[in-house]
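Reader: I would like to go through this model term by term. Please set each value against its cut-off.

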Amino acid sequence: MPNKKPNETVEDAIERLKNTDNIKDEEYIEENVMIELNSAQLVEGEEQHIDLVTKGVYFVDEKGYHIEYEETEATGFNGSISAILYQPQYERITMERTGENSTQIIIEKNKRHLCNYGTPYGMLTIGVRGCKIKADLNEDGGILAFTYTLDVNTALASTNSINIRIKREN
């Protein structure tokens, strides 16, 4: 999402996207959607789960499939905006979170990327290795599921899986 602002709400993001001069209406389809996000994180043998159902923005353009939503207390990033871009042509997912602890990670199957991960203590450079990406997306929504590992100084920190279901609001 271009020029994201700290503490921007999903409604603000929708309005900003509508008013962006360099994007023509026919270039993408924008929908208000319900997003179901289920994530699991395995750290030192202990598994943690987060389940989130929220409203968000979903659209498709020449870059790929865009999913945007506002984080909540349930995820630990209340007040932040998360944006996910799935680019099927590259089998790549870019996840960005804006707000107090900004983060950008790139998940690409069988590749390791060094990425910036924001924490309350400052920015951390982590290794992100994509394991699996499965997608069944179209203009109406669908499912995006992926797994990846995080490492610090090449030592495994966690194994993560995220399943996202996008449904158009009626």
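Predicted model: local features only at pLDDT ≥ 70, side-chain atom pairs only at ≥ 80, totals over all residues.

Reader: What makes up the fold, and in which order do the elements run?

Author: The protein has one helix and 10 strands. The order from the N terminus is α-β-β-β-β-β-β-β-β-β-β. Helices (H or I, at least four residues) and strands (E, at least two) are DSSP runs, numbered from the N terminus.

Reader: Why is E108 called buried?

Author: Buried means under 20% relative accessible area, exposed over 50%, and partly exposed in between (1.4 Å probe, protein chains only). E108 has 8% relative accessibility, so this residue counts as buried. E108 lies in strand β6 (residues 103–108). Across the protein, buried residues make up 44% of the 170 residues.

Reader: Which residues does E108 touch, beyond those up to four places away in sequence?

Author: Contact means heavy atoms within 4.5 Å. E108 touches Y90, E91, R92, H113 and G130. The C-alpha atoms of E108 and R92 are 4.5 Å apart, although the two are 16 residues apart in sequence.

Reader: What makes T54 buried?

Author: The relative accessible area of T54 is 13%, so T54 falls under the 20% limit. T54 belongs to strand β2 (residues 46–61). Leaving aside neighbours within four places in sequence, T54 is in contact with V33, M34, I35, Y69 and E70.

Reader: How do you know that β7 and β8 pair?

Author: Two strands pair if DSSP finds at least two bridges between them. Eight bridges join β7 (residues 112–119) to β8 (residues 122–138), and these strands run antiparallel. A hairpin of two residues joins β7 to β8. H113 in this pairing stands opposite V128 in β8.

Reader: Why is the pair of F146 and Y148 called stacked?

Author: Rings of Phe, Tyr and Trp (its six-membered ring) pair if their centres lie within 6.5 Å; planes under 30 degrees apart count as stacked, over 60 as edge-to-face and the rest as tilted. By this rule there are two aromatic pairs. The ring centres of F146 and Y148 are 6.1 Å apart and their planes are at 25°, so the pair is stacked. F146 and Y148 are both buried.

Reader: What makes R97 a charge over a ring?

Author: The rule asks for NZ of Lys or CZ of Arg within 6 Å of the ring centre and within 35 degrees of the ring normal. The charged end of R97 sits over the ring of Y117, 5.6 Å from its centre.

Reader: How many disulfides are there, and by what cut-off?

Author: A disulfide is a pair of cysteine sulfur atoms within 2.5 Å. The structure holds zero disulfides.

Reader: Are C115 and C131 buried or partly exposed?

Author: C115 has 5% relative accessibility, so C115 counts as buried. C131 has a relative accessible area of 35%, so C131 is partly exposed.

Methods
Residues numbered from 1 in each chain as written. Heavy atoms only, no water.
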